[in-house]
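Please read it alongside the model.

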Amino acid sequence: MSQNRVKQKIINKKTMPYLMLTPACLFIFCFMLYPIGNTLIMSVQHNVMIDPSGIRFIGLENFTNLIFHDKVFHAALKNSFKWVVGNVFLQSTLGMALALILNQNMRFRGLIRAVTFSPWAVSGIIVSLMWSFMYSESVGSALINTFLTASVLREQRSSTLPSYPCWAAMLWPDISLRGKVS
């Protein structure tokens, strides 16, 4: 039997899809399923990384400590909730409003669209740094402080608005994209 006939018997119409899927399945197993499984196993163990001999099964004790005793976890959960609300609800709502406004006939519409779309095109790190500088009091004449002292809120300073930089950095880039897409 020739070598071509052997290859044709091994690789036929039934086995070819499985051969094509094998690299993707290996990738998924190695980089997704194995880490998830290992994390689940480690979550029910007392595991000190510097002492591998001290590993023992403790059940759900790690989760009870996390939920009832860890204040950092509660702060992180609160921040995550704010982030989800901001990203899902506020971005969609404000993005749709922005899209409706930008769809109106007005002077300089193209320029206004470009300016509102530019934060999405810029890296998130740069946008976050921009907002932190705008709120910072150590930069000298911070833009937000200048605006607040010139407006009705004369006594208000950005240092008394601790969560606004986070909300602004979260909402601004994606609202402009949703305004274009909607």
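Helices H3 and H4 are roughly perpendicular to each other, a class that covers angles of 65 to 115 degrees, with under 35 counted as roughly parallel, over 145 as roughly antiparallel and the rest as oblique. The axes of H3 (residues 61-69) and H4 (residues 71-102) cross at roughly 75° and come within 6 Å; these axes are lines fitted to C-alpha atoms over the stretch in contact, and the angles run from 0 to 180 degrees between N-to-C directions. Where the two helices meet, Leu-66, Ile-67 and His-69 of H3 face Lys-71, Phe-73 and His-74 of H4, a contact with three nonpolar, two polar and one charged residues. Here Ala, Val, Leu, Ile, Met, Phe, Trp, Tyr, Cys and Pro count as nonpolar, Asp, Glu, Lys and Arg as charged, and the others, Gly among them, as polar.

This is a predicted model, in which local features need pLDDT of at least 70 and side-chain atom pairs pLDDT 80 or more, whereas totals for chains, interfaces and linings use all residues. Residues are numbered from 1 along each chain as its sequence is written, and side-chain values use heavy atoms, without hydrogens and water.

H4 has 32 residues and spans 44 Å from its first C-alpha to its last, close to the expected 46 Å, which is 1.5 Å times one less than the number of residues. A kink of about 35° in H4 is centred on Leu-90, the bend being the angle between axes fitted to the seven residues ending there and the seven starting there. Among the buried residues of H4 are Gly-86, Asn-87 and Gln-91.

| Residue | Relative accessible area | Class |
|---|---|---|
| Ser-43 | 17% | buried |
| Phe-108 | 55% | exposed |

Ser-43 lies in helix H2 (residues 16-43) and, leaving aside neighbours within four places in sequence, is in contact (heavy atoms within 4.5 Å) with Gly-59, Asn-62 and Phe-63. Phe-108, in the loop between H4 and helix H5 (109-121), has a positive phi of about 60° although it is not a glycine. Most residues other than glycine have a negative phi.

The protein chain comprises eight helices and two strands, which are DSSP runs (H or I, at least four residues; E, at least two) numbered from the N terminus. Buried residues make up 18% of its 182 residues.

Key: Buried < 20%, exposed > 50% of the residue type's maximum accessible area, 1.4 Å probe, protein only.
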